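Thanks for asking me to look this one over. I have put my notes into numbered points that you can follow with the structure open beside you.

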Amino acid sequence: MTGGELPDRPPFALRARLLTPLAAGGTQHEADGLVLVDGAGRLAFVGPAASRPVEAATAIDVRPWVVMPGMVDLHAHLPQLQNAGLGFALDLLTWLDRLTFPTERSWADPSVAERLAPATFEAFAAAGTTTVLAYGVVYEAATDAAFRAAEAHGIRAILGKVMMDRGTYDPIIEPSTILDRSLRESADLISRWHGADDGRLGYAVTPRFAVSCTAEMLRESAALARSTGAWWQSHVSEDPFEITEVRRLFPDTLDYVDVYDRAGALGERTVLAHAIHLSEREVARLVETGTRVAHCPASNLFIGAGVMPLARWIGAGLGVGLGTDVSGGPDLSLFSVMRVGAYAQMARRSLVGDEGGILDPFGWLRRATLDGAQALGLEDVIGSLEAGKEADLIAVDASMTAALPGADDDAPEDLMSRLIFRAHPDMVRGAWVRGRRLEGPGRH
């Protein structure tokens, strides 16, 4: 099988090995499966090829490749991809000042975004990501250029212009105008892009984090998200130094989560990245409000922020998906994030004792797909390969993960384990959103 033989647009039929979480629970595996995508880009059938012999006989046969749901990345920074792998062990605030802010400042020239954003979305697709929730920069024109690139590429993207009024890396804007200007520019971007292409593109109101935002910015940004139906995203409890600074800046609040709670920002349309060092009170409040969390274990270890007590948070009922947090995380692949997350949880258990169940390979797959979709309120649309959903899927050459040529893993859990712990950077051979093939995988 070669990438050039893959379908570019619906309708089409793929015959492959299938692996997907199911909305009702559990995981479906078909050693010889069939995926039928209708002309509207929806999944018309997912199941054993033997049950649809006529369609199976004429389907594009990609066996032994594995067809899976596309990955859902709940936290990334578009302009930071060029810094991936840099800044190891710098604390968060130093890392921001030394690496991140200078890079984001370069996007003041929108031509930089126009040049880099298309390649960035291709890189996401090449890693198997078909849906991304990402931060842009403080500049409206650059964020608009990123949306145009996502529109052209075909990826499912929810983006936001970064908002910072307590301190900003924009050396030109008059400080007294930042709040009103940032709200106005965000509202303009929402009017242009939120819900574009029948919902494939969306907007997330994006105050960077409490350290860089006043209480008024947080409150007004949350009101903007509510009034427009947009998402709201920020960071929370990533780094001990950050938490200390938040306590200094907001002395009248109970804790970090309370800063956002008082702003009216918590809720089912909110995704907070990291959430490592939460108190039990904070976790309970996030659960109560339906606020979701993006777990970014590779980033957390890379900059030494800490290790999330994932089992405890899941046991408390907190909704958790996965994020790469590039470039805090050094890799765009959520398969790599799953691997680092699994190692981190095993290390935590060995150091602090049993805090609850450790995720098995299928559990990590669910976090990277269906749970990510649920965090965005899109679980009825994407996140698993089930009839009626939109055809956001990837084709993976699992032979690249074999330890020896010709080795074959018949057990589905063994297959998923190798995809996590022996992930190969070129193993994603095709990616589709609504049945339309994305540039990136297998093309370069």
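The points below go from the sheet to the helices and then to some local details.

1. A word on the source before anything else: this is a predicted model. Please read every angle and distance below as computed from that prediction.

2. Let's begin with the sheet. It is open and has 7 strands, which come in the order β3-β2-β1-β4-β14-β15-β16. The pairing in this sheet is mixed. At its edges are β3 (43-48) and β16 (436-437), each of which pairs on one side only.

3. Strand β2, covering residues 27-37, is joined to β3 by 5 bridges, and the two strands run antiparallel.

4. Which helix lies across β1, β2, β4 and β14? That is α16, made of residues 412-421. Its direction is at about 90° to β1, the strand of residues 12-21. The other strands it lies across include β4 (60-69) and β14 (393-396).

5. Helix α16 also packs against α14 (residues 361-368), with an angle of about 60° and axes 8 Å apart. An angle of that kind is why the two helices count as oblique to each other. Their crossing is left-handed. On the α14 side you will find Pro 361, Phe 362, Trp 364 and Leu 365, and these meet Pro 412, Glu 413, Met 416, Ser 417 and Ile 420 of α16. Sorted by class, this contact has 7 nonpolar residues, 1 polar and 1 charged.

6. Helix α14 has another neighbour to look at, α13 (residues 334-352). The axes of α13 and α14 come within 10 Å and cross at roughly 130°, so α13 is oblique to α14. Here the crossing is right-handed. Leu 334, Met 338, Gly 341, Ala 342 and Gln 345 are the α13 residues in the contact, and they meet Trp 364, Leu 365 and Ala 368 of α14. By class, the contact of α13 with α14 comes to 6 nonpolar, 2 polar and no charged residues.

7. What is the makeup, by class, of the contact between α4 and α5? First the geometry: α4 (residues 140-153) and α5 (residues 178-193) have axes that come within 10 Å and cross at roughly 15°. The pair is therefore roughly parallel, and the crossing is right-handed. Helix α4 contributes Glu 140, Thr 143, Asp 144, Phe 147, Arg 148 and Glu 151, while α5 contributes Glu 185, Asp 188, Leu 189, Arg 192 and Trp 193. As for the makeup, the contact has 3 nonpolar, 1 polar and 7 charged residues.

8. On to the aromatic rings, where the count comes to 9 pairs. One of them is formed by Trp 232 and Tyr 260, an edge-to-face pair with 5.3 Å from centre to centre and 75° between the planes. This pair links distant parts of the chain, since its members are 28 residues apart. Trp 232 belongs to strand β10 (residues 231-236), and Tyr 260 belongs to helix α9 (residues 256-262).

9. Some backbone details are worth a look too. The peptide bond from Pro 10 to Pro 11 is cis, and its omega is near -5°. Pro 11 sits in the segment before β1. Another cis peptide bond joins Val 326 and Ser 327, with omega at about 15°. Ser 327 is in the loop between β13 (319-322) and α13.

10. Last, which residue has a positive phi although it is not a glycine? His 274 does, with phi at about 90°. This histidine lies in strand β11, which covers residues 270-274.

Technical notes:
Residues numbered from 1 in each chain as written. Predicted model: local features only at pLDDT ≥ 70, side-chain atom pairs only at ≥ 80, totals over all residues. Heavy atoms only, no water. Pairing = 2+ DSSP bridges. Helix = DSSP H or I, 4+ residues; strand = E, 2+ residues; numbered from the N terminus. Contact = heavy atoms within 4.5 Å. Axes fitted to C-alpha atoms, helices over the stretch in contact; angles between N-to-C directions. Parallel < 35°, antiparallel > 145°, perpendicular 65-115°, else oblique. Left-handed = near helix turned anticlockwise from the far one by under 90°. Nonpolar A, V, L, I, M, F, W, Y, C, P; charged D, E, K, R; others polar. Phe/Tyr/Trp six-rings, centres within 6.5 Å; stacked < 30°, edge-to-face > 60°.
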